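Welcome! Take a moment to look over the sequence and the model, and then let us walk through a few places together.

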Amino acid sequence: MTEQTATQARPTSSLAETARRYALFVLLALMLVGFWIAQPAFINSANLFSILQAVSVVAILGVGVSITMSAGGFDLSVGSVAASSVMAASYLMVVLQMNAIETMLLVLAMGALIGLANGLLIVRVGVPDLLATLATMFLLAGLQLIPTGGRSITAGMMLPDGTTALGAYDPAFLILGRARLFNTIPYPVIVMALVAVIAWFLMERTRWGRVFYAIGGNETAAHLAGAPTKAYRLWAYILSGTLASLGGLIVASRVGRGDVSAGNSLLLDAVAASLIGFAVLDKRRPHVLGTVLGAIFVGVLLNGLTMLNAPYYTQDFVKGVVLVGALALTFGLGKRKR
């Protein structure tokens, strides 16, 4: 290649890299403008905060999935952990008559313990990540139904032993999913923002996060460099389980009952957000900012289609198209020529 040809290629290459880096931001902006033109009510603050509230749980679970992916793993149990947390929170308050603080602490501890169990299966027993977390997913999906005989949990319900549940949801617990700061910003959005900021700082600005990425890149090299790889992978699953249980608490406080179908789509949505995030800033790896933006991107798209009266049954297809497009942009169109 001559010097003149190389000089001409550099600006073109730089332009392509910039386009890949900010493509999802540009697409998000175009979607916002397009839906606003088609339906002016789309852009009002109430609807925008409604979108953020709708994706808050998915984003929180997605952050947990991203942390495990950064350490070279994959957590398939987050949806079941969240669903089990919904049922556990409801059971603790409605059946065992516990208050909000006791319930939240116990449910978060449950999520951490499930994450610890996943981690031990993987790093101690040697079960592959996907198989270990898949087994946990099925185990929790069945276990959460046993205490109530497969029924949703509501105040005054009849228990399998013939007694009546005397408790009810603590009003203080419902604040988490229903209250708004300054009567404008939903609390789940605030929780999502706090989780995102803390996780971003942890993963991008601390040695802890750098070791996570080093393990995901080459676990053997990280071990030879002196990193306690097993401990880090264990912590990745503990954090993922805890965040999944936090998402379940938000769902429980929003719906106000132990719904057996809660969390059915959370796993796929969280994984989709994490994978779409690979295309954000052309990182080509899991990262917190990309995951949150991926969740918001899908949320904006689905909300806009709903306001335009698109059939509900097209939503999964649309999410699939977005995911394929994001991955193609990241690994296909973004492939650097050698």
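Is Asn183 buried or exposed? Asn183 is exposed, because its relative accessible area is 68%, and the cut-off for that word is over 50%. Please keep in mind that this is a predicted model.

**A loop between two strands**

Asn183 sits in the loop that joins strand 1 and strand 2. Phe182 belongs to the loop between strand 1 (180-181) and strand 2 (185-186) as well. Phe182 is exposed too, with a relative accessible area of 70%. The backbone deserves a look here. Most residues other than glycine have a negative phi. Phe182, which is not a glycine, has a positive phi of about 55 degrees. For Asn183, also not a glycine, phi is positive at about 60 degrees.

Now turn to the helices. Ser66 is found in helix 2, which covers residues 45-70. Ser66 counts as buried because its relative accessible area is 3%, and buried means under 20%. Its side chain makes a polar contact of 3.4 Å with the side chain of Ser274. Setting aside residues up to four places away in sequence, Ser66 touches Ser274, Pro286, His287 and Thr291.

Ala295 is part of helix 12, residues 288-307. With a relative accessible area of 4%, Ala295 is buried. Apart from neighbours within four places in sequence, Ala295 is in contact with Val55, Val58, Ala59 and Ala273. Ala295 and Ala89 are separated by 206 residues in sequence, and their C-alpha atoms are 25 Å apart in space.

**A nonpolar patch on the surface**

Which residues form the nonpolar patch on the surface? They are Tyr22, Phe25, Val26, Leu27, Leu30, Trp200, Phe201 and Leu289, with about 730 Å² of accessible area together. Two or more of these residues come from helix 1 (3-38) and from helix 7 (187-205). Helix 1 gives the most, with 5 residues. Tyr22 lies in helix 1 and is partly exposed, with a relative accessible area of 38%.

**Accessibility side by side**

Here are the residues from this tour with their values.

| Residue | Relative accessible area | Class |
|---|---|---|
| Ser66 | 3% | buried |
| Ala295 | 4% | buried |
| Tyr22 | 38% | partly exposed |
| Asn183 | 68% | exposed |
| Phe182 | 70% | exposed |

How values were computed
Residues numbered from 1 in each chain as written. Predicted model: local features only at pLDDT ≥ 70, side-chain atom pairs only at ≥ 80, totals over all residues. Heavy atoms only, no water. Helix = DSSP H or I, 4+ residues; strand = E, 2+ residues; numbered from the N terminus. Buried < 20%, exposed > 50% of the residue type's maximum accessible area, 1.4 Å probe, protein only. Contact = heavy atoms within 4.5 Å. Polar contact = N/O pair within 3.5 Å; in protein donor to acceptor, adjacent residues only side chain to side chain. Patch = residues over 30% accessible without salt bridge, like charges linked within 9 Å, V, L, I, M, F, W, Y side chains within 5 Å. Areas by Shrake-Rupley, 256 points an atom, 1.4 Å probe, with all protein chains shown as cover. Salt bridge = Lys/Arg side-chain N within 4 Å of Asp/Glu carboxyl O.
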